[in-house]
Amino acid sequence: MGVPPVRDSYLKGLLITIAGVAILSPDALLIKMTGHVGVMESTFVRSVFMAIAWGIAVRIRRGSWIMPFMTISRVALLAAALQAVDRLVFIAAVQTTTVANTLTIFASVPAFTALIGFLVLRERCGPAKCIAIAASLIGVGIIFSAELHPQAMFGNAMAVLAALFFAVYIVSLRFAE
């Protein structure tokens, strides 16, 4: 019989989000399980699979393998570089601190995005958003204070850097709009 087409854009976005979470949720655990693999090697393998997936998506959506890549903007190149650095530091974080710390700190991406959006794009920050940002940053501070040994501090710092790079990535994409 088949599934009826999804016409409501909100529902479509929700389904895409759920699918993304379901696919990416085990990601940090898989990285942790392959801890003997170096950060660069792990990032390389993941990047190859990401490039293949993006190539297939571009081919399906645009009908060409090469032309869409010939028209890449400077903002898109910046976004790609930010995403690459983000993945490097995210993998380093997972490998040097707990998955729970990494993901909890990385969950502060919306707060960092709002702060950077305010500073760079002059976006307004209402009271509810400011309270959420403060709560998020307090949570990151609590995680840091609970793990004071050097390896965990390094891993937590890498998680903060990953969150910051991802936030800048998001703002750079919004800047391009």
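Reader: Why does Asn101 count as buried?

Author: Asn101 has 11% relative accessibility, and buried means under 20% relative accessible area with a 1.4 Å probe and protein chains only, so Asn101 counts as buried. The model is predicted, with local features needing pLDDT of at least 70, side-chain atom pairs counting only at pLDDT 80 or more, and totals for chains, interfaces and linings using all residues. Residues are numbered from 1 along each chain as its sequence is written, and side-chain values use heavy atoms, leaving out hydrogens and water.

Reader: Which residues is Asn101 in contact with, leaving aside its neighbours within four places in sequence?

Author: They are Ile143, Glu147 and Asn156, where contact means heavy atoms within 4.5 Å. Asn101 itself lies in helix α6.

Reader: What makes α6 roughly antiparallel to α8?

Author: The axes of α6 (residues 99-106) and α8 (residues 127-146) cross at roughly 155° and come within 9 Å. Angles over 145 degrees count as roughly antiparallel, so α6 is roughly antiparallel to α8. In their contact, Asn101, Thr104 and Ile105 of α6 meet Val140, Ile143 and Phe144 of α8. By class these residues are four nonpolar, two polar and no charged.

Reader: Why are α5 and α9 called roughly antiparallel?

Author: Helix α5 (residues 74-96) and helix α9 (residues 150-175) have axes that cross at roughly 160° and come within 8 Å. By the cut-off already given, over 145 degrees, α5 and α9 are therefore roughly antiparallel to each other. Their contact has 22 nonpolar, six polar and one charged residues.

Terms used. Axes are lines fitted to C-alpha atoms, for helices over the stretch in contact, and angles run from 0 to 180 degrees between N-to-C directions. Helices (H or I, at least four residues) and strands (E, at least two) are DSSP runs, numbered from the N terminus. Angles under 35 degrees count as roughly parallel, over 145 as roughly antiparallel, 65 to 115 as roughly perpendicular and the rest as oblique. Ala, Val, Leu, Ile, Met, Phe, Trp, Tyr, Cys and Pro count as nonpolar, Asp, Glu, Lys and Arg as charged, and the others, Gly among them, as polar. Buried means under 20% relative accessible area, exposed over 50%, partly exposed in between (1.4 Å probe, protein chains only).
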